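Student: Hi! Could you walk me through a structure if I put it up here?
Tutor: Happy to, just go ahead and ask as we look.

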Amino acid sequence: WLAKYPLVSIEDPFDQDDWEAYTMFQSAVGGETQVVGDDLLVTNPTRVQKAIDEKACNALLLKVNQIGSVTEAIQAATMSMLAGWGVMVSHRSGETEDVF
């Protein structure tokens, strides 16, 4: 099916806690397709590390307000980039809890 209808990018193809399905899908299509974790990762460095370890996706949708602090958002983005992932910043994110 993907040979006839190639995917360039797909976001959250499975339930946010279905790590096994993400890993299997990433293994099957991740070489050609960007598999973006949004609900799976929630810009959480702990979940990003798990996804890196399990090879569950290859891109992060960065939402600063999802994790709550700029510091954690930067950590999640940096981890993702070091793993060779794509990082997209959401334009719909709200404020953070950080005080400057």
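Student: How many salt bridges does the structure hold?
Tutor: There are two salt bridges in the structure, where a salt bridge is a side-chain nitrogen of Lys or Arg within 4 Å of a carboxyl oxygen of Asp or Glu. Keep in mind that this is a predicted model: local features need pLDDT of at least 70, side-chain atom pairs count only at pLDDT 80 or more, and totals for chains, interfaces and linings use all residues. Residues are numbered from 1 along each chain as its sequence is written, and side-chain values use heavy atoms, with hydrogens and water left out.

Student: Which residue meets Arg47 in a salt bridge?
Tutor: Asp17 does, with an N to O distance of 3.3 Å between the side chains. Arg47 sits in helix H2 and Asp17 in the loop between S1 and H1, so this pair ties together parts that are 30 residues apart in sequence. Helices (H or I, at least four residues) and strands (E, at least two) are DSSP runs, numbered from the N terminus.

Student: And what does Asp38 pair with?
Tutor: The side chain of Asp38 meets that of Lys63 at 3.1 Å, N to O. Here too the pair links distant parts of the chain, 25 residues apart: Asp38 is in the loop between strand S2 (34-37) and H2, and Lys63 is in the loop between strand S3 (59-62) and helix H3 (64-67).

Student: Are Asp38 and Lys63 buried or exposed?
Tutor: Both Asp38 and Lys63 are buried. Buried means under 20% relative accessible area, exposed over 50%, and partly exposed in between (1.4 Å probe, protein chains only).

Student: New topic. How many aromatic pairs are there?
Tutor: A search of the whole structure turns up two. Rings of Phe, Tyr and Trp (its six-membered ring) pair if their centres lie within 6.5 Å; planes under 30 degrees apart count as stacked, over 60 as edge-to-face and the rest as tilted. Phe14 and Tyr22 have ring centres 5.5 Å apart and planes at 75°, so they are edge-to-face. The rings of Phe14 and Phe25 are also edge-to-face, because their planes are at 80°, with centres 5.5 Å apart.

Student: Where do Phe14 and Phe25 lie?
Tutor: Phe14 is in the loop between strand S1 (9-11) and helix H1 (19-29), while Phe25 is in helix H1, so the pair ties together parts eleven residues apart in sequence. Ring pairs link Phe14, Tyr22 and Phe25 into a cluster. Within it, Tyr22 is buried at 0% relative accessible area, Phe25 is buried at 18%, and Phe14 is partly exposed at 30%.

Student: Now the helices. How do the axes of H2 and H4 cross?
Tutor: The axes of helix H2 (residues 45-54) and helix H4 (residues 70-82) come within 9 Å and cross at roughly 10°. That makes H2 roughly parallel to H4; angles under 35 degrees count as roughly parallel, over 145 as roughly antiparallel, 65 to 115 as roughly perpendicular and the rest as oblique. Axes are lines fitted to C-alpha atoms, for helices over the stretch in contact, and angles run from 0 to 180 degrees between N-to-C directions.

Student: Which residues make the contact?
Tutor: From H2 they are Pro45, Val48, Gln49 and Ile52, and from H4 they are Glu72, Gln75, Ala76, Met79 and Ser80.

Student: Last one: what about the phi of Val42?
Tutor: Val42 has a positive phi of about 40° although it is not a glycine. Most residues other than glycine have a negative phi. Val42 is in the loop between S2 and H2.

Methods. Contact means heavy atoms within 4.5 Å.
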